[in-house]
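Keep the sequence and the structure in view while reading.

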Amino acid sequence: MDNGTIEVSVSASGKVVPAFEEIINSPINTRIVEVYRKGGDSVDVGTPILKLDLQSTETEYKKLLDEEQMKRYQLEQLKVNNNTYLSDLSMQVKISAMKLNRMEVELRNERYLDSLGSGTTDLDSLGSGTTDKVRQAELNFNTGKLELEQLRQQYANESKVKEADLKVKELEFNIFSKSLAEMKRTLDDAQIRSPRKAILTYINNQVGAQVAEGSQVAIISDLSHFKVEGEIADTYGDRVAAGGRAIVKIGNEKLEGTVSSVTPLSKNGVIS
């Protein structure tokens, strides 16, 4: 008696299809202007396949380029204006600080004179006048100190506001630039070229035909490698799994392969 593995096979039907196939869709709503290739042609990477009408899209793109330039100038102008405004405010703070220092010196001088006058009984009128000057100097000093503090607070607040405004404008500019770059990619994609070396198995060759955004205009396939798409009754679904051994019969020839994937749902009583 021999020992071995008992194999159970089930039959399925299928068709041979290219191992790789890519559908090329129109990136915009437009019409076909020229057709450069026909079905069955070999194409390399970058080979022109057909030409779409891009006039209106290119006009819009150029308009947006001008708008981007204007937004860039506005952003630079905002930066200059913010720097100028904050520089002026900073200078006001420095001038106010210098004035306060001068007031402080004047206050010390008046207090010194007041101390001299208060010690002399024969100079009561002089002492009284000096005391008034001390009070005025103190008032000027305290007022100047409040004004300086107010300016410093204003400078801090304005700096935050200007910085926030600039960030918002920079964000708006970046969003606009990204949308413009996306439009540029769309324009580039509208120059329908082959993305790889393959065979052109389908092309919409109707010059003047309107094509909607996302509609199919060409299909390229790799006809040097193939796969088999098979179908089997879903009653055998528990016997077929990815990784299982497969034998493909084409005429009298048998080719060994492996099940790469199985659809999780059945359709009309079959699974693929």
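Which residues in the largest nonpolar core touch the most other members? They are Ile24, Ile49, Leu50 and Leu52, out of the 22 residues that make up this core. The model is a predicted one.

## The nonpolar cores

At least two residues each come from β4 (48-52), α1 (55-118), α2 (124-190), β6 (198-203) and β8 (216-233). Helix α2 gives the largest share, with four residues. As a general background, nonpolar side chains in soluble globular proteins tend to be buried together.

Leaving aside residues up to four places away in sequence, isoleucine 24 is in contact with Ile49, Ile192, Arg193, Pro195, Ser215, Gln216, Val217, Ala218 and Ile220.

## The chain as a whole

The protein chain contains two helices and 11 strands. Their order along the sequence is β-β-β-β-α-α-β-β-β-β-β-β-β. The chain is more spread out than a compact globule, because its radius of gyration is 42 Å, well over the 19 Å that the globule rule gives for 272 residues. Along the principal axes, the C-alpha atoms fill a box of roughly 140 × 65 × 30 Å.

Of the 272 residues in the protein chain, 23% are buried. The accessible surface of the chain is about 19300 Å², and carbon and sulfur atoms account for 50% of that area. Contacts can also be sorted by distance along the sequence: among those between residues at least 6 apart, 75% join residues at least 24 apart. As for charges, the chain has 35 positive and 41 negative ones, and their mean positions lie 3 Å apart.

Is serine 26 buried or exposed? Serine 26 sits in the loop between β1 (13-25) and β2 (30-35). Its relative accessibility is 1%, so serine 26 counts as buried, the cut-off for buried being under 20%. Apart from residues up to four places away in sequence, serine 26 touches Leu52, Val211, Ala212, Glu213, Gly214, Ser215 and Val217. One of these, Leu52, also belongs to the largest nonpolar core.

Glycine 39 is in a loop as well, the one between β2 and β3 (42-43). With a relative accessibility of 47%, glycine 39 counts as partly exposed. Which residues does glycine 39 touch, not counting those up to four places away in sequence? The contacts are Leu200 and Ile203. Isoleucine 199 is 160 residues from glycine 39 in sequence, but the two C-alpha atoms are 8.1 Å apart in space.

Proline 264 is located in the loop between β10 (253-258) and β11 (270-271). Proline 264 counts as exposed because its relative accessibility is 80%, and exposed means over 50%. Between the C-alpha atoms of proline 264 and glycine 237 there are 9.3 Å, while the two residues are 27 apart along the chain.

Leucine 171 belongs to helix α2. What is the relative accessible area of leucine 171? The value is 52%, so leucine 171 is exposed. Leucine 171 can be compared with valine 33 in position: the two are 138 residues apart in sequence, and their C-alpha atoms are 39 Å apart in space.

Conventions. Residues numbered from 1 in each chain as written. Predicted model: local features only at pLDDT ≥ 70, side-chain atom pairs only at ≥ 80, totals over all residues. Heavy atoms only, no water. Rg over C-alpha atoms; globule rule 2.2 N^0.38 Å. Buried < 20%, exposed > 50% of the residue type's maximum accessible area, 1.4 Å probe, protein only. Contact = heavy atoms within 4.5 Å. Areas by Shrake-Rupley, 256 points an atom, 1.4 Å probe, with all protein chains shown as cover. Lys, Arg positive; Asp, Glu negative; His and termini not counted. Charge placed at Lys NZ, Arg CZ, Asp CG, Glu CD. Core = buried A, V, L, I, M, F, W, Y, C linked by side-chain atoms within 4.5 Å.
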